[in-house]
Amino acid sequence: MQPPESPSAGRAEVRIVSASPEAARQVAEVLRRCFASTEQRSYPAGAEGGTRLHLTVDTTHTAEPARSWLVASQSSGQDRTQSDEV
């Protein structure tokens with residue numbers, strides 16, 4: 001068995017596993033509001049009736065709120081301890 005192929009630059013493969021199909025769909029919907037994405041693929045997850053969703057998001061095409069968060073959260077390359085950290 002060959003390892004899965006890595007997504008192309010600017011894309012991320014997302015796997016959502018949840019006991020509830022509705023909870024998995026809600027998480028996927030939030031991701032689709034932030035990033036351009038492929039259609040989700042749904043699979044059963046385990047004997048307990050859970051759901052596993054797969055989708056690919058394009059991190060180069062983000063909604064404005066997501067872009068602001070992504071830019072603000074990028075590391076500056078400097079390891080600094082925050083004042084509220086021990």
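**View 1. Buried residues and the overall make-up of the predicted chain.** Of the 86 residues in the protein chain, 21% are buried, where buried means a relative accessible area under 20%, exposed means over 50%, and partly exposed covers what lies in between, as judged with a 1.4 Å probe and with protein chains only. The model is a predicted one, in which local features need a pLDDT of at least 70 and side-chain atom pairs count only at pLDDT 80 or more, while totals for chains, interfaces and linings use all residues. Residues are numbered from 1 along each chain as its sequence is written, and side-chain values use heavy atoms, with hydrogens and water left out. The accessible surface of the protein chain, computed by the Shrake-Rupley method with a 1.4 Å probe and, for residues, with only the protein chains shown counted as cover, comes to about 6800 Å², and carbon and sulfur atoms hold 52% of this surface.

View 2. The predictor's confidence in each residue is given by pLDDT, on a scale from 0 to 100; its mean over the protein chain is 76, and 66% of the residues reach 70 or more. Among the elements, strand β1 (residues 11-18) has the highest mean pLDDT, 90, whereas helix α2 (residues 64-73) has the lowest, 62.

**View 3. The largest nonpolar core.** In soluble globular proteins, nonpolar side chains tend to be buried together. The largest nonpolar core in this model is made up of eight residues, namely Val14, Ile16, Ala24, Ala28, Phe35, Leu53, Leu55 and Val57. At least two residues of this core come from each of β1, α1 (21-34) and β4 (50-62), and β4 gives the largest share, three residues. A nonpolar core is a set of buried Ala, Val, Leu, Ile, Met, Phe, Trp, Tyr and Cys residues that are joined through side-chain atoms within 4.5 Å.

View 4. Although Leu55 and Glu13 are 42 residues apart in sequence, their C-alpha atoms are 6.1 Å apart in space. Thr51 also has its place in strand β4 and counts as buried, at 8% relative accessibility; among the contacts of Thr51 are Ile16, Val17, Ser18, Ser42 and Tyr43.

View 5. A salt bridge is a side-chain nitrogen of Lys or Arg within 4 Å of a carboxyl oxygen of Asp or Glu, and a search of the whole structure finds six of them. In one, the side chains of Arg11 and Asp58 meet at 3.9 Å, N to O, and this pair links distant parts of the chain, with Arg11 in strand β1 and Asp58 in strand β4, 47 residues apart. Arg11 is partly exposed at 39% relative accessibility, whereas Asp58 is buried, with a relative accessible area of 8%. In another, the closest N and O atoms of Arg41 and Glu13 are 3.8 Å apart, and the pair joins strand β3 (residues 41-45), where Arg41 lies, to strand β1, where Glu13 lies, across 28 residues. Arg41 is partly exposed, at 31%, as is Glu13, at 37%. Glu13, Arg15 and Arg41 are linked in a network of salt bridges.

View 6. The side chains of Arg32 and Glu29 meet in a salt bridge of 3.1 Å, N to O. Both residues lie in helix α1, three residues apart, which is about one turn of the helix. Arg32 counts as partly exposed at 30% relative accessibility, and Glu29 counts as partly exposed at 31%.

Notes. Helices (H or I, at least four residues) and strands (E, at least two) are DSSP runs, numbered from the N terminus. Contact means heavy atoms within 4.5 Å. Lists of a residue's contacts leave out its neighbours within four places in sequence.
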